[in-house]
Amino acid sequence: MSVSHGILSLLEERPQHGYGLREQFEAATGGTWPLNVGQVYTTLGRLERDGMVEPDGATDAHGRNAYRITDDGRAQLGRWYAEPIARDGSAREELVAKVALAVANPAVDARRVIHVQRAETMRAMQVLTQRKRVASQAGDVAQRLVLDSQLFHAEAEVRWLDHCIAQIPEAPTMPTEGTT
Amino acid sequence: MTDSILDLRAVTREHGTGDALVQALRGVDLQLAPGELVAVMGPSGSGKSTLLNIAGGLDAPTSGSVRLAGTEIVGMSATALAALRRTSVGYVFQDYNLVPTLSAVENVALPLELDGVGWRDARRQGLEALDRIGLLEVADRFPDEMSGGQRQRVAIARALVGPRQLVLADEPTGALDTTTGEFVLTQLRDACDAGAAALLVTHEARYAAWADRIVYLQDGLELATQGAV
Ligand SMILES: Nc1ncnc2c1ncn2[C@@H]1O[C@H](COP(=O)(O)OP(=O)(O)OP(=O)(O)O)[C@@H](O)[C@H]1O
Ligand SMILES: [Mg+2]
């Protein structure tokens, strides 16, 4: 997730200081990417160095500096929105590797590994769905859609896990005694 | 638990005998309290529909006990069972089962009429139920004049009309896009928030996630229950 592009997007609307940016970033992304103020100011510093933002000159009642987006920042932001992001699935890859290793390892009950993961992903989906109901009732479309995206990803994971369960042969029943 | 709307104990269901014996359910326990929405998941053939049919008194278990609103229904006379079903249970079947010779509103009003509500009042309640699901415009159309998704929503309206204590829904979101499917879940959830209990069979995780509990069946056995969050 690109924090800098998120900040540029918020600054495109109006100049703001770091605290306000942090709050808005969290609100806009449904709390999906919690940021601390330190990260926001570090990012603003980097963006200022690269000429994407500049101090607005105005300070608020607490003496905090507001920033505004520059033309270069606007162009950069335009490219970000124009291009698809490469899918980075590090957590997903770990799960895939884990299941593959479990299936390959005769000492591991792969079905159990999968059912444990399935239950966990379903639990996460129940939580996301509850949050989505709250967002829907509050009329918060942006947050709803962020949660929907997470739900679609989790759903894909459950479907894949169900597929795995169906493909793995049943755990062998008690080995028969005195087999030849 | 005595205040369960539905209470299944050690329920088994066998079909056939000898080599052809199928154990559709092999000892399932399940309790539903008022306000609870429980999802049933599991592979095809794991016994989900069987469980639902037994819960609603449409099929009898081979052994075990089924209590509906405190009353044991195993061994109950057919007429007494039919009366209990009509007044307490709403069904949405896997193939939605609308009566082809009745219009949408007549289909929705049918359970009320069967239960002795006058046709005028039944029709009014039927129209209200259709309005709630946004289908007032198909009220006077027959099932073969509606889309698959519309038929399915009419079936939901029928299951939820009147004072239902238990709603049993077998894949009610089958032919629906995700927005309409979620709408159906909202309706089920609202019915539960109003005090009903619902059992929802689905193989789609996104709909199961609306439930308070998720039961996973495999080969007629409850493999795992994902509890309340
Ligand atoms: N009347 C019957 N005679 C023989 N076997 C039956 C009968 N009805 C159901 N079965 C068997 O009982 C098992 C459970 O069936 P059930 O319909 O409950 O499965 P399900 O979980 O609902 O599957 P699906 O997801 O495909 O709808 C299956 O093996 C099925 O073939
Ligand atoms: Mg079925």
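Predicted model: local features only at pLDDT ≥ 70, side-chain atom pairs only at ≥ 80, totals over all residues.
| Residue | Part of the residue | Distance to an oxygen atom of ligand 1 |
|---|---|---|
| B:Ser49 | N or O atom in the side chain | 2.9 Å |
| B:Ser46 | polar backbone atom | 3.2 Å |

On its own, ligand 1 has 640 Å² of accessible area, and the protein covers 58% of that. Two elements of chain B, strand E2 (22-32) and helix H1 (48-55), each give two or more residues to the shell around the ligand, and H1(B) gives the most, with three residues. Among the residues that surround ligand 1 are B:His15, B:Val22, B:Pro43, B:Thr50 and B:Gln94, and sorted by class the shell has three nonpolar, eight polar and one charged residues.

Aromatic rings are the second topic. Over all chains, the structure holds one aromatic pair, which A:Tyr19 and A:Tyr41 form with their centres 6.3 Å apart and 65 degrees between the planes, an edge-to-face arrangement. Because A:Tyr19 lies in helix H2 (residues 18-28) of chain A and A:Tyr41 in helix H3 (residues 37-49) of chain A, the pair ties together parts that are 22 residues apart in sequence. A:Tyr19 is partly exposed, with a relative accessible area of 41%, and A:Tyr41 is also partly exposed, with a value of 29%.

A further ring contact involves both chains: B:Arg206 lies over the face of A:Phe152, at 4.0 Å from the ring centre.

Conventions
Residues numbered from 1 in each chain as written. Chains lettered and ligands numbered in written order. Heavy atoms only, no water. Near = heavy atom within 4 Å. Polar contact = N/O pair within 3.5 Å; in protein donor to acceptor, adjacent residues only side chain to side chain. Areas by Shrake-Rupley, 256 points an atom, 1.4 Å probe, with all protein chains shown as cover. Helix = DSSP H or I, 4+ residues; strand = E, 2+ residues; numbered from the N terminus. Nonpolar A, V, L, I, M, F, W, Y, C, P; charged D, E, K, R; others polar. Phe/Tyr/Trp six-rings, centres within 6.5 Å; stacked < 30°, edge-to-face > 60°. Buried < 20%, exposed > 50% of the residue type's maximum accessible area, 1.4 Å probe, protein only. Lys NZ or Arg CZ within 6 Å of the ring centre and 35° of its normal.
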